[in-house]
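Try each task yourself before you read its solution.

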Amino acid sequence: MINRYRWWELVLIYAGMALFLTFMLAPFIEAFMVSLRPLNEVFRIPYRFIAEGMSLANYHQIWISQPMLGRWIINSFGIALAVTVLSMMCSIPAAYAIARFKFKLRDGLLSVFLAVSMVGAAVLIIPLYKLMLALGLLNTYAAMIIPGAAFTVPTGIFLMRSYFMRIPAELEEAAYVDGASRLYTMRRVILPIAAPGMVVVAITTFITAYAQQFLFALTFNSKNHLNPLPVGLYQFFGHQEVRWNELMAASIVGVLPVLVLYVFLQRYIVAGLTAGAVKE
Amino acid sequence: MRRVDPFPYLLLVPALLLVGVIAAWPLIETFRLSFTDASMKQTQEYVGFANYAKFFQRDFWPILGRTLVWTSLSVSLKLVMGLIGAVLLNAAVPGRALFRILIMPPWVVPVAVGCFMWAWMYNGQFGMISGLGQRFGVFSGPFEFLAYKQAAFISTVVTDVWIGTPLVSLYLLAAMQTIPKDLYEAAWTDGAGRLYRFRRVTLPLLMPSITTMALLSTIWTFNSFEIIWILTEGGPRGSTTTMIIDTYRTAISRFRYGEGAARAVMILICLMVLSAIYLALLNRLTRKGRAK
C-alpha cells in the first residue's frame with residue numbers, strides 16, 4: 001500500500017526522529033544530570049555525563065538557599081493565569097464583533113491588531129516604563145499582567161474570530177426571531193458553542209504567558225517577592241559564582257508543572273496552535 | 001441618516017482600551033521621545049534629528065547588518081528544521097504520538113529557563129558540549145562558546161532555533177494534513193516514488209504555509225530579546241548586539257530615553273517594511289487561492 005515503508009525508510013525515519021529529539025531534549029537531560037551532582041562534581045575536569053555521588057540533595061537544598069523559590073513559582077502561575085483571564089475578557093467580545101457584524105472601520109481595526117502583534121514589547125519599553133511609573137504601577141503584579149495581556153490580545157482575536165466564523169449565523173437569527181436580545185444571544189447561544197475553542201485559546205495563551213514572563217518583570221519590578229520564576233532565577237544566574245547544580249535543580253522544579261500541564265493538555269494546545277494554519 | 005449600531009463597538013471597547021493604552025499610545029510616544037533629549041532628569045527638550053544623527057554616525061549600519069544576518073540565519077534554520085520535523089511527524093509509523101509530545105518542551109518551558117540550561121551547555125570549562133568535544137577530540141582544550149565573537153553569535157542562533165523549531169514543525173504538519181489524500185494516491189498510482197511525491201505534491205501545496213511561517217518567524221526573531229540578553233547581554237564586544245538589544249541597553253540600562261526611542265523608531269521602520277511585505281504576499285496568496 002501507499003503508506004508501507006521499506007526497511008531503510010523506517011531506519012531513516014527513526015534515525016531522524018532520534019537526532020531531532022537529541023537536539024530538543026539534550027539541554028533538559030543535561031540540566032537534570034547536573035541537578036543531581038554535588039558541587040565538586042559540577043566543577044570537575046574532565047567532563048563526565050554520569051558523575052559520582054549523584055543524589056536528590058540539591059532538590060532539598062534549593063528551598064533553603066533560595067527561600068523565595070516557592071513564591072516565584074506561585075507568582076509565575078498567578079501572573080500567567082491573570083494574563084490569560086484579562087486577555088480572554090478583551091479578545092472574546094472583540095473577536096465576536098469582528099466575526100459577526102459589518103461596521104465601519106472593521107477591516108481597519110483588524111489591521112491595527114495585526115500591526116500591534118508585530119511590534120515586539122521590547123521596542124515599546126521606554127514609554128511603557130514611563131506609563132507604569134506615572135500610574136504608580138512599578139513593583140506591582142499589575143505591571144507584569146496588564147502589558148502581558150495586551151500583547152496576547154491580537155493573537156487571541158485572530159484565533160477566536162476563526163472559531164466564531166465557523167458557527168452558522170442562522171443560530172443567532174433564530175434567537176432574534178424568538179425575541180432574544182443580542183447580548184443574551186451572545187451569552188446563551190454563541191459562547192456555549194464556541195466554548196471548546198475558547199478553552200483551546202485560553203490554554204495556549206496561558207502557556208505563552210508562562211513562557212514569556214521575563215522582559216516586563218525584569219524592567220518594571222525590583223521587588224524580589226513579586227518576581228516570576230525566570231527573573232527570580234536570573235539573579236542567581238547573574239552571580240560571579242553560579243551554583244549550577246542548584247540553578248538546574250530549581251529550573252527543573254520550575255519547568256515541571258508546566259510540562260505536566262502540557263502533557264495532559266497537549267491535544268488542545270496543538271489544536272490551538274494550528275487553528276490558524278488550516279484556515280489561512 | 002442611517003443610525004449607527006453601537007453594539008459591535010461596545011464589544012470592542014475592552015480590547016481597544018487595553019491595546020490602545022499599552023501598545024498604540026506607546027507607539028506614538030516613542031516617536032515623540034525620539035526627538036527629545038529625555039533621560040532621568042525631569043526636563044526634556046526638543047532636539048530635532050540629533051538622536052538619529054548620532055545613531056547613524058556611530059553604529060547604525062553594523063548593528064542593522066548584524067540583526068539581519070542573525071535573523072535570516074535563525075529563520076532559515078528554523079524553517080529547514082521545522083520542515084524536517086513536520087515530515088517526521090507526518091510519517092505513519094508507531095511512536096509518532098510520543099515524538100509529537102517530546103519535541104514540544106523547548107516551546108513550552110519559560111524561555112529564560114531554557115536559556116539558563118543552554119548557558120550551562122555552552123560553559124567552556126565544565127559544560128557538556130565543550131566536555132564531550134574534548135573527549136572525542138573535536139576541541140583540544142576547553143572552548144568557551146560565549147566568549148568568542150563568532151562562536152557567541154552562532155550559539156545565540158542555535159538557542160533561538162531550539163526554541164522556535166517545535167512551533168514551525170507543528171504549524172507545517174497541520175498544513176500538510178490539509179493536503180487531500182487523493183492527490184497522493186493519484187501520484188502513487190502513476191508510479192511516483194515517495195521523494196517525487198514530496199517534491200511535486202507536498203512542497204508546492206505547502207508553499208503558502210511556508211511563506212506565512214517564514215514571515216511571521218522573521219518578525220518574531222527580529223524582535224527576539226530574552227535569549228540574547230540572558231546568554232550574552234549583547235557581548236562579547238558587541239558581537240551579539242542586535243537592534244533590540246542595543247535599544248534596550250541604551251534606554252533602560254543607560255537611561256538615555258531619547259536616544260533609545262530613536263533606535264526603537266528605526267526598529268519600527270524595519271518592522272513596517274517586513275509587515276508590508278507580509279501583507280502584500282498574503283494578499284497575493286489569498287487572491288490566487290480564490291482564483292482557483
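Some ground rules come first. This is a predicted model, so local features need pLDDT of at least 70 and side-chain atom pairs count only at pLDDT 80 or more, while totals for chains, interfaces and linings use all residues. Residues are numbered from 1 along each chain as its sequence is written, chains are lettered from A and ligands numbered from 1 in the order in which they are written, and side-chain values use heavy atoms, with hydrogens and water left out.

**Exercise 1. Describe chain B as a whole.**

Task: find how many helices and strands chain B has, and what share of its residues counts as buried.

Step 1. Helices are DSSP runs (H or I) of at least four residues, strands are runs (E) of at least two, and both are numbered from the N terminus. Chain B has 13 helices and zero strands.

Step 2. Buried means under 20% relative accessible area, exposed means over 50%, and partly exposed is in between (1.4 Å probe, protein chains only). Of the 292 residues in chain B, 54% count as buried.

Step 3. For the dimensions, the C-alpha atoms of chain B fill a box of roughly 80 × 75 × 30 Å along the principal axes.

Step 4. A contact means heavy atoms within 4.5 Å. Among the contacts in chain B with a separation of 6 or more, 64% are between residues 24 or more positions apart.

**Exercise 2. Work out how two helices cross.**

Task: at what angle do the axes of H2 (residues 50-58) and H3 (residues 60-90) of chain B cross?

Step 1. Two packed helices are described by the angle between their axes and the distance between the axes. The axes are lines fitted to C-alpha atoms, for helices over the stretch in contact, and the angles run from 0 to 180 degrees between N-to-C directions.

Step 2. Here the axes come within 5 Å and cross at roughly 70°. That makes H2(B) roughly perpendicular to H3(B), a label for angles of 65 to 115 degrees (under 35 is roughly parallel, over 145 roughly antiparallel, and the rest oblique).

Step 3. H2(B) brings B:Phe55, B:Phe56 and B:Arg58 to the contact, and H3(B) brings B:Phe60, B:Trp61 and B:Ile63.

Step 4. Sort these residues by type: five are nonpolar, none is polar and one is charged. Ala, Val, Leu, Ile, Met, Phe, Trp, Tyr, Cys and Pro count as nonpolar, Asp, Glu, Lys and Arg as charged, and the others, Gly among them, as polar.

**Exercise 3. Check the cover on H12(B).**

Task: how many of the 11 residues of H12(B) are buried?

Step 1. Nine of them are, so H12(B) is mostly covered.

Step 2. The buried residues include B:Met243, B:Asp246 and B:Tyr248.

**Exercise 4. Look at A:Thr205.**

Task: which residues does A:Thr205 touch, not counting those up to four places away in sequence?

Step 1. A:Thr205 is in helix H10 (residues 182-211) of chain A, and with 7% relative accessible area it is buried.

Step 2. A polar atom of its side chain lies 2.7 Å from the backbone oxygen of A:Val201.

Step 3. The residues that A:Thr205 touches are A:Thr84, A:Ser87, A:Met88 and A:Thr152.

Technical notes. Polar contact = N/O pair within 3.5 Å; in protein donor to acceptor, adjacent residues only side chain to side chain.
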